Amino acid sequence: MEMIMWQTPANPPERHDYIYSNGIRYVKPYYFEFICHVKNRWAGKTVVDLFSEEFKGRSRNYYVAAVKAGRIQVNGKRIPVSYIVQPSQKISHFVHRHEPPVMAWDVEILCEQPEVLTVCKPASVPVHPCGQYRKNTILGILQAEHGLTTLFPVHRLDRVVSGLLILARSSSRADTFRQQIESGRVHKQYIARVIGVFPEDEQVVNANVNYNAQEGRSTVEQVRENNVSGNGAVGKPASTHFTRICTDGKQSIVLCQPITGRTHQIRVHLQYIGHPIANDTLYLSECIPRSKAGTSADRAANKSSHVLNPKNFGSGSAANSGNEEFSNDPMCTNCPNLAPKGYDGSEEGIWLHCVKYSGPDWTYECPYPVWAYLS
């Protein structure tokens, strides 16, 4: 195998790992070792069949070439294409990793205390490593740019949502926060920009939420007897209180106070009462394109839509640029593009922002974003 510095999750993100262009934060592609252990149902398959059937993002021909090149190994050793895997064996897949880009907004530190850190999370950035994201995450950016480590997110914010994120600096403090949240002693406030003139009176929505993981979206079911929805599905009880802050006759800014914490609860409850978030294409009843204000609401950041490769980047073209070149890998299925396949450029997020969390003896807040001020 070629002389390459392979990274693992133990390698911390560093400031020079990022490339900035046209208001978007990219991660320089890097060599990474993915590790998995053979499940019982995989046993008896050839290593190529296993990867072809279970990891369909790459072709069978790629996996054959990867095994021959030593980029797929079993228990740290090179193996032939015909190798049959056994339960619990460690399989390493060495790849040239391309992470999805995010918007290049700063992760602003709001409050730094001995046991708690709060930040303003930009839309489009996931909180912690998941899927294809590792360095392009809140935890990765805080470590790379501020040297902050050992952080425990107290609550969930979806990748496309912005606003207050509370991070405990010890597992015990995180447990205290979570116990308070689960016992209903924490009051949560969000704001949303929705379609239409929202009613003046407070709107209370009590409607079960069903999340479909395969589709990546939730639906609301009208509850009948025994907590069963109209189509027979058992949903999770969900309650949200909504109060109009202001309106310009076409759109409204709404204060959202979720009592429960179901997946996409605020988004789907707003859709349910006929006032979906104005740029939330997942829950709009009709396909309404996101306005340009949605892509540059908080910062003057332009969306890049062209295909990117190493030639597009020269020194001094962006903040903290330094040496921004990266090398193409002959076996990589994403090179020479900087972004991985499947990135469609719609990374700006939605108009939903966490503004305040209050507990028994604490309160943390986050400023309103620019889009919350209707002109």
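Let's start with charges. This structure holds 13 salt bridges. Keep in mind that the model is predicted.

First pair: Arg60 and Asp49. Their side chains meet in a salt bridge at 2.8 Å, N to O. Where do the two partners sit? Arg60 is in helix H2, residues 60-68, and Asp49 is in helix H1, residues 47-54, so the bridge ties together parts 11 residues apart in sequence. Now accessibility. Arg60 comes out at 44% relative accessibility, which is partly exposed. Asp49 has a relative accessible area of 24%, also partly exposed.

Next pair: Arg173 and Glu115. Here the side chains meet in a salt bridge at 3.8 Å, N to O. Arg173 belongs to helix H4, residues 171-182. Glu115 sits in the loop between strand E8 (108-112) and strand E9 (116-121). So this pair ties together parts that are 58 residues apart in sequence. Is Arg173 buried or exposed? Arg173 has a relative accessible area of 16%, and the cut-off for buried is under 20%, so Arg173 counts as buried. Glu115, at 45% relative accessibility, is partly exposed.

Arg267 lies in helix H5, and Asp280 in the loop between helix H5 (265-272) and helix H6 (292-295), so parts 13 residues apart in sequence are tied together. What about burial? Asp280 is buried, and Arg267 is buried too.

Now the network. Which residues take part? Arg41, Lys45, Glu53 and Glu54 are linked by salt bridges.

On to the nonpolar side. In soluble globular proteins, nonpolar side chains tend to be buried together. In this model, the largest nonpolar core has 83 residues. Which of them have the most contacts inside that core? Ile91, Leu142, Ile166 and Leu270. Take Ile91. Setting aside neighbours within four places in sequence, Ile91 is in contact with a list of residues that includes Phe34, Ile35, Cys36 and Val38. Leu50, Phe51 and Ile72 are among the contacts as well.

Now a sheet. Strands of a sheet pair through backbone hydrogen bonds, either parallel or antiparallel. This one is open, with three strands in the order E1-E2-E7, and the pairing is antiparallel. Which strands are at the edges? Strand E1 (18-21) and strand E7 (102-103), each pairing on one side only. Strand E2, residues 24-27, pairs with E7 over two bridges. In that pairing, Arg25 stands opposite Val102 of E7. Then there is a helix over the sheet. Helix H3, residues 138-146, lies across E1 and E2. H3 runs at about 100 degrees to E1.

Last, the whole chain. How many helices and strands are there? Six helices and 19 strands. The chain has 375 residues, and 49% of them count as buried. Take contacts between residues at least 6 apart in sequence: 68% of those join residues at least 24 apart. The chain exposes about 18200 Å². Carbon and sulfur atoms supply 48% of that area.

That's the tour. Over to you.

Definitions and conventions. Residues numbered from 1 in each chain as written. Predicted model: local features only at pLDDT ≥ 70, side-chain atom pairs only at ≥ 80, totals over all residues. Heavy atoms only, no water. Core = buried A, V, L, I, M, F, W, Y, C linked by side-chain atoms within 4.5 Å. Buried < 20%, exposed > 50% of the residue type's maximum accessible area, 1.4 Å probe, protein only. Contact = heavy atoms within 4.5 Å. Pairing = 2+ DSSP bridges. Helix = DSSP H or I, 4+ residues; strand = E, 2+ residues; numbered from the N terminus. Axes fitted to C-alpha atoms, helices over the stretch in contact; angles between N-to-C directions. Salt bridge = Lys/Arg side-chain N within 4 Å of Asp/Glu carboxyl O. Areas by Shrake-Rupley, 256 points an atom, 1.4 Å probe, with all protein chains shown as cover.
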